[in-house]
Amino acid sequence: MAAAVVTPSGLEDGVSRSRGEGAGEAVVERGPGAAYHMFVVMEDLVEKLKLLRYEEDLLRKNNLKPPSRHYFALPTNPGEQFYMFCTLAAWLINKAGRPFEQPQEYDDPNATISNILSELRSFGRTADFPPSKLKSGYGAHVCYVLDCLAEEALKYIGFTWKRPTYPVEELEEETVAEDDAELTLNKVDEEFVEEETDNEENFIDLSVLKAQTYRLDMNESAKQEDILESTTDAAEWSLEVERVLPQLKVTIRTDNKGFLDKLHNEISRTLEKIGSREKYINNQLQHLIQEHRATQAQLSEARERYQQGNGGVTERTRLLSEVTEELEKVKQEMEEKGNSMTDGAPLVKIKQSLTKLKQETIQMDIRIGVVEHTLLQSKLKEKSNMTRDMHATIIPESAIGSY
């Protein structure tokens, strides 16, 4: 691991830990891993925050939980993530030597984002993306802003990254260890059969297993010590290897029929075990099944009674609504009659109508009198005319008779 050295000169030339530079710039060619770049930036950000001792200076003082390595890369709780982003950004700006007021929960988010971007641009960083990208509290732009502010804070405190120095490991000569217990195919089959038998019995003696494990460990450690302190001649060793080499070869004969028979037997035993377990479970749970059936029957009866009662309630509710409507009509009629009985306006209207009728009657009487007088005048005039006509007719006849 690289050693961290604090120097007044800031970050070394050519060695930068930042992988978030340019996250706000337009990318012309995006590779298949571009979508996961913000996860890398987020992991770098967590490391830089640890170097700035944010756990002691920020999290413990404000009773905040430490964010995960991909906290700002994935959406979990946008409101909580935005508040954590604003809090971290304000703290990093203050660590970078710029006074910045810690944002509160009820502050205007647009104003807070604008202030953070202004401080970021004042450090000479580019932020050519809309401020709304930071409002969600997660994403590549959020990781980019925090990573840039963390770098500026590290520059301000004079932190620098050194090139890693790798220790030179001395290669030791490997010694070939020969195990006295040679494995053969028959022994492997025997151990496999014994293991199956133990599994079928469902018994494991922990004390015996622990003792066997302890003996194996002791034997292996003793063998390793013997090998490390071996004084065997190399020529004798080569001869022994040539002698036992044919015995170390393991040949596996492919017997499909035997394998299929063995597989069939294993499957049959497994099915028998499953059948016996099912019978055992059924016997153990028989009373519970009966209780469940009885409870289901009671539940069905209760549902039927509920349906019947619900039907009666529905019918009574309908009758109640009809009676309520009739009652409202009767109340309305009673109110109208009461208003008409106590209201004097109709009586005043009747009196006014009677007065008007009297006036019209008087006028009609006058008109009738005028008409009668006119008729009488016309009758008298007609009578006088008739009398005059009669006298005029009688006089000439008398005069003619006298001649």
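At what angle do helix H3 and helix H5 pack, and how far apart are their axes? Before we get to that, a word on what you are looking at: this is a predicted model, in which local features need pLDDT of at least 70 and side-chain atom pairs count only at pLDDT 80 or more, while totals for chains, interfaces and linings use all residues. Residues are numbered from 1 along each chain as its sequence is written, and side-chain values use heavy atoms, with hydrogens and water left out.

Let's start with the overall layout. The chain holds eleven helices and two strands; here helices (H or I, at least four residues) and strands (E, at least two) are DSSP runs, numbered from the N terminus. Read from the N terminus, the order of elements is β-α-α-α-α-α-β-α-α-α-α-α-α. Of the 403 residues, 18% count as buried, where buried means under 20% relative accessible area, exposed over 50% and partly exposed in between, with a 1.4 Å probe and protein chains only. The accessible surface is about 32,100 Å², and carbon and sulfur atoms supply 56% of that; such areas come from the Shrake-Rupley method with a 1.4 Å probe. Among contacts in the chain with a separation of 6 or more, 72% join residues 24 or more positions apart, contact meaning heavy atoms within 4.5 Å.

Now back to the opening question. H3 (residues 78-95) and H5 (residues 140-157) pack at an angle of about 25°, and their axes lie 8 Å apart. That makes H3 roughly parallel to H5. Axes here are lines fitted to C-alpha atoms, for helices over the stretch in contact, and angles run from 0 to 180 degrees between N-to-C directions. Angles under 35 degrees count as roughly parallel, over 145 as roughly antiparallel, 65 to 115 as roughly perpendicular and the rest as oblique. The residues that H3 brings to this contact include Phe 85, Leu 88 and Leu 92, and those from H5 include Val 145, Leu 149 and Tyr 156. By class, the contact of H3 with H5 has twelve nonpolar, no polar and one charged residues. For these classes, Ala, Val, Leu, Ile, Met, Phe, Trp, Tyr, Cys and Pro count as nonpolar, Asp, Glu, Lys and Arg as charged, and the others, Gly among them, as polar.

H5 also packs against H1, at an angle of about 30° and with the axes 9 Å apart. H1 and H5 are therefore roughly parallel to each other. Among the residues that meet are Met 38, Val 41 and Leu 45 in H1, and Cys 143, Leu 146 and Ala 150 in H5. This contact divides into ten nonpolar, no polar and four charged residues.

Follow the chain onward from H1 (37-51) and you reach Arg 53, in the loop between H1 and H2. Most residues other than glycine have a negative phi. At 49% relative accessibility, Arg 53 counts as partly exposed.

The contact of H2 with H3 divides into six nonpolar, two polar and two charged residues.
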